[in-house]
Amino acid sequence: MARALSLGARGLGQVWPNPAVGCILVRDQRVVGRGWTQPGGRPHAEVRALTQAGEAARGATAYVTLEPCAHHGQTPPCADALVKAGVARVVTALEDPDPRTAGQGHARLREAGISCATNVLAEAAEKAHAGFLMRIREGRPQLTLKLASSFDGRIATASGESKWITGPAARHAVQGLRASHDAVLVGAGTARSDDPALTLRGYGQRRPPVRVVVSRRLELPTEGQLARTAREVPLWLCHGPDAPEPRKAAWAALGAELIEVPLGLDRHPEPAAMLRALGDRGLTRVLCEGGGMLAASLISAGLADRLAGFTAGLALGAEGQPSVGPLGLAALSEARRYVLEEARKIGPDLLAIWARQH
């Protein structure tokens, strides 16, 4: 199952709205087939493994990181495929909470006389499928907030200079993060000041993440990199109800998808409503790359599920621009706590991954 989870991870960022499932078929103590969900969400992991195994699948044990689907979508049910192939036993890590399956896959297998074992490495599978599970259970994608800052928590000098605080190894690692997420999210301020492309570099033909920009009134440059590439790589713009019609028309003509989001009390697009809208469109994993005000709004709303902090060994001082905007905390007890999951050296810099405490 651990190997199946590792296989499934290859599909992260590539298979939304589907889960990134891994499957290994074992017969006579030998792996006869393996597969993971393919780009675009199909074929599914089980079908790939069964195709590789061929006749060797008959009598085999299938290790699958999520309950095989039981519904007809763009492909037939994987539970039926396992039955048809003559698999003798199926071991799964989790039941699929999607109402279209939700135990029906296991039931169909058992009705066909196939032995089923469940909840094997369930905790690891919960982490592996966290984005998909969150979209099904809560209606929104899992959100990771990425910050690249100086030792004293600054993302730019007072004049706005930020290239480059961290080194080449850290920037390459950021590309790896993008590759494993369905979308990259930034605020309007970052889009205006940095003119980012937010594309995927160094990962060949991988499906690029959707670029998502939050801008209440769509005050974004229509001649920047995002505008020039809107028809090549998906660009979604989350705006408020008061966005001017000419700006909406201009961005639609450039190829951007417009997503209207209600405003919160601060008169900015409401973060929870925005993430629900992204979840409605199938996103399961979103990487937010700033800026400070957007980061603060997501943390305040309890929507930053994971923090990925790249820290460089330099100090920019109090006059530098902070990595996170005002949070309005009156006491230390009001600050949201995160638990360190991993820390490692990236070139001359440090990467720390933190998970939100529940």
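These are my notebook entries on what I looked up in a predicted model.

**Entry 1: ground rules**

I number residues from 1 along each chain as its sequence is written, and side-chain values use heavy atoms, with hydrogens and water left out. I take helices (H or I, at least four residues) and strands (E, at least two) as DSSP runs, numbered from the N terminus.

**Entry 2: aromatic rings**

I looked for aromatic pairs, meaning rings of Phe, Tyr and Trp (its six-membered ring) with centres within 6.5 Å; planes under 30 degrees apart count as stacked, over 60 as edge-to-face and the rest as tilted. The structure holds one such pair. Trp16 and Trp236 form it edge-to-face, at 6.2 Å centre to centre and with 90° between the planes. I placed Trp16 in the loop between helix 1 (2-8) and strand 1 (22-27), and Trp236 in strand 10 (residues 235-239), so the pair links distant parts of the chain, 220 residues apart. Both Trp16 and Trp236 are buried; buried means under 20% relative accessible area, exposed over 50%, partly exposed in between (1.4 Å probe, protein chains only).

I also checked for charges over rings (NZ of Lys or CZ of Arg within 6 Å of the ring centre and within 35 degrees of the ring normal). Arg10 lies over the face of Trp36, 4.5 Å from the ring centre.

**Entry 3: cis peptides and positive phi**

Most residues other than glycine have a negative phi, and most peptide bonds are trans. I noted the departures.

Trp16 is joined to Pro17 by a cis peptide bond with omega about 10°, and Pro17 is in the loop between helix 1 and strand 1. A cis bond also runs from Arg42 to Pro43, with omega near -5°; Pro43 is in the loop between strand 2 (30-36) and helix 2.

Asp28 is not a glycine, yet has a positive phi of about 55°. I found Asp28 in the loop between strand 1 and strand 2, where its 69% relative accessibility makes it exposed. Leu218 also has a positive phi, near 55°, and is in the loop between strand 9 (210-214) and helix 9 (225-228). Leu218 counts as buried, because its relative accessibility is 1%.

**Entry 4: helix packing**

Two packed helices are described by the angle between their axes and the distance between the axes. Axes here are lines fitted to C-alpha atoms, for helices over the stretch in contact, and angles run from 0 to 180 degrees between N-to-C directions.

The axes of helix 2 (residues 45-53) and helix 3 (residues 78-85) come within 9 Å and cross at roughly 20°. That makes helix 2 roughly parallel to helix 3; angles under 35 degrees count as roughly parallel, over 145 as roughly antiparallel, 65 to 115 as roughly perpendicular and the rest as oblique. Contact (heavy atoms within 4.5 Å) is made by Glu46, Val47 and Leu50 of helix 2 and by Cys78, Ala81, Leu82 and Ala85 of helix 3.

I then took helix 3 against helix 4 (residues 104-111): the angle is about 20° and the axes are 9 Å apart. These two helices are therefore roughly parallel to each other. On the helix 3 side I listed Ala79, Asp80, Leu82 and Val83, which meet Gly105, Arg108 and Leu109 in helix 4.

**Entry 5: helix 6**

Which residues of helix 6 (residues 130-138) are buried? I read off Ala130, Gly131, Phe132, Leu133, Met134 and Arg135. Their cover includes helix 5 (122-128), strand 6 (142-150), helix 11 (271-280), strand 12 (285-288) and strand 16 (349-356). After helix 6 comes Gly139, with a positive phi near 80°.

**Entry 6: Pro322**

I located Pro322 in strand 14 (residues 321-322). Pro322 counts as partly exposed, because its relative accessibility is 42%. Leaving aside residues up to four places away in sequence, Pro322 touches Gly153, Arg154 and Ile155. From Pro322 to Ala158 the C-alpha to C-alpha distance is 9.6 Å, across 164 residues of sequence.

Terms used:
This is a predicted model: local features need pLDDT of at least 70, side-chain atom pairs count only at pLDDT 80 or more; totals for chains, interfaces and linings use all residues.
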